[in-house]
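Student: I have a structure to read and I'm new to it. Could you walk me through its features, one at a time?

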Amino acid sequence: MRSFRFALMLTPVGLALLTAASALAQSAPHALPAAPKNWVQTKTPWGDPDIQGTWTSDDCIGTPMNRPANFGDRAYLTEQEMAERMKRLEQQHEGDLKDTVDANQRVGTGPPGNWGERARRPCRQTSLVVDPLNGRTPDLLPEAKTRPVPEGAGNNNPKADSWEDFSWYIRCISRGVTGSILPVIYGNGQQIIQGPGYVTILQEMVHEARVIPLDGRPHESSEVRSYMGDARGHWEGNTLVVETTNFLGGRTGIGLNGGGTPTSDALKLIERFTRISPDEMKYEVTVDDPKTYTRPFKIAFPLTQEAGYQNFEYACHEGNYAMFDSLSGARAKEKAAAAKAAAGK
Amino acid sequence: MKKALLVLGTVGLALLAAAPARAHHAFAAEFDSEKPIKLKGTVTKMEWINPHAWIHIDVKDENGTVTNWMIEAAAPNALLRRGWNKNSLPAGTEILVEGFQAKDQSNRANGSVITFTNGKKLFVGNAAGDPGAAPGAPKQ
């Protein structure tokens, strides 16, 4: 079988055919399987609600953090809007499987369509922020408005004097707690593993491991601070509640991939994980940062499971050629500008 | 070496849109939108590294001079979920690449459109994040 496969791979045509055939065998966008009737939350052998598995926030890929103004206070899509989004996902899926390039294919510097992972079903929400009711992140306090924001992936003309100008995500260091679970274009895996007295969440992109004690111990001293903070969990019925404090200030923000205005050292996050069926979990996080935002706010989205989905290693730093290229590119531009200026004298 | 590049010129530039880049880095920080490239090359290796895979190709110009280029591709994890693995693109495969050269003018480029020489897309596959089945792997 192996040699047969290899032989086929020797030709581009064979490769294309195989790739397409394999993809066709995989799933198109589909509704989440209905929860079995009378489903009840199972327990671990030591009696905690069992929420183990590899979950993703993929369903809400592309859902905006802040609700577009045209939705007003409407938090959810209508059935018709959901059907339209499902159709769009199906078209996207067909495009992914198409083995030829469209004549009008755009050649650009942006990420090609083949880079992303896709949602399997539309996200019902109109925004990821669910409280306040307008679905929008509260205003920043004046002191936060002046806080330096590191260069993120959205800035095509970044200050690039040093690697330190770039975000902690681009530097392969961390996306922070919310940045590591919010839905982005790929790498949204969240593997939850439980043991007596602990829940651990392994997050694929930037490979975070959150080890959350459940034994009621107090937070570490406020002198002990980190990018991912100090998490403490407990169960409220079948809901895992995690309170995280002791963050370093001025690192990651609450945006996708930890972007946006960095939060302060006063940040407190309260997350709630509630499994509502074998394949779906409600996730919400309350962001309370009295040195950054005018009021606390809440973000929510579903986490879902697909059979066979697994996290892969994401060791990012060694292969981060983009950092080298961004810095050397900026130096080359400066040199060219200096030469032009000198020639003009 | 420059002769090996079929410069796309203003048409390519006109097609550029300010699409938000939410992958690992800002593309226009790394690649020069004024340096479009179109290369035909032979794969020498593919680096399966995060945050992005890189395809190495040898490009021969009309004088027979060979230059090695590096082409940025998707995150390996996303490629795995599309059904790719590290054996999927053997050395020796000929491919066509359209994209933009690195701002520092090194032989690196983004792979905006990559096809085989018969015009078929290189990266075809389901992107829904399903199990990392290699091309041709038994159905799960």
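Student: Where in chain B does the pLDDT stay under 50?

Tutor: pLDDT is the predictor's confidence in each residue, from 0 to 100. In chain B of this predicted model, the pLDDT stays under 50 over residues 1-21. The model still has 35 contacts for that stretch beyond four places in sequence, where a contact means two C-beta atoms, placed from the backbone, within 7 Å. Residues 129-140 of chain B are also below 50, with 41 contacts beyond near neighbours in sequence.

Student: What is the mean pLDDT of chain B?

Tutor: It is 76, and 71% of the residues of chain B reach 70 or more. For the complex, the predictor gives an ipTM of 0.86 and a pTM of 0.86. Since this is a predicted model, local features need pLDDT of at least 70 and side-chain atom pairs count only at pLDDT 80 or more, while totals for chains, interfaces and linings use all residues. As for labels, residues are numbered from 1 along each chain as its sequence is written, with chains lettered from A and ligands numbered from 1 in the order in which they are written.

Student: How many helices and strands are there in chain B?

Tutor: Helices (H or I, at least four residues) and strands (E, at least two) are DSSP runs, numbered from the N terminus. Chain B has three helices and six strands, in the order α-α-β-β-β-α-β-β-β from the N terminus on. Among contacts in chain B with a separation of 6 or more, 58% are between residues 24 or more positions apart.

Student: And what does "buried" mean?

Tutor: Count other C-beta atoms, placed from the backbone, within 10 Å of a residue's own: 20 or more is buried, 12 or fewer is exposed, and in between is partly exposed. By that count, 51% of the 140 residues of chain B are buried.

Student: Which residues have the most contacts inside the largest nonpolar core?

Tutor: In soluble globular proteins, nonpolar side chains tend to be buried together. A nonpolar core is a set of buried Ala, Val, Leu, Ile, Met, Phe, Trp, Tyr and Cys residues joined through C-beta atoms within 7 Å. The largest one here has 88 residues, and Ile71(B), Ala74(B), Leu79(B) and Ala109(B) have the most contacts inside it. Its largest share, five residues, comes from helix 6 of chain A. Ala74(B) touches residues of both chains, including Trp115(A) and Leu79(B), leaving out those up to four places away in sequence.

Student: What covers the buried residues of helix 6 of chain A?

Tutor: The cover includes helix 2 (27-30), strand 2 (54-60), strand 4 (94-102) and strand 5 (108-110) of chain B. Among the buried residues of helix 6 are Tyr321(A), Met323(A) and Leu327(A). The helix spans residues 321-344 and reaches 34 Å from first C-alpha to last; the expected span is 1.5 Å times one less than the number of residues, and the reach is close to that expectation.

Student: Which strands of chain A does strand 7 pair with?

Tutor: Two strands pair if DSSP finds at least two bridges between them. Strand 7 (residues 239-245) of chain A runs antiparallel to strand 6 (residues 230-236), with seven bridges. Six bridges join strand 7 to strand 8 (residues 268-277), also antiparallel. Trp235(A) stands opposite Leu240(A), and Leu240(A) is on the covered face of strand 7. Glu243(A), on the uncovered face, stands opposite Ile270(A) in strand 8.
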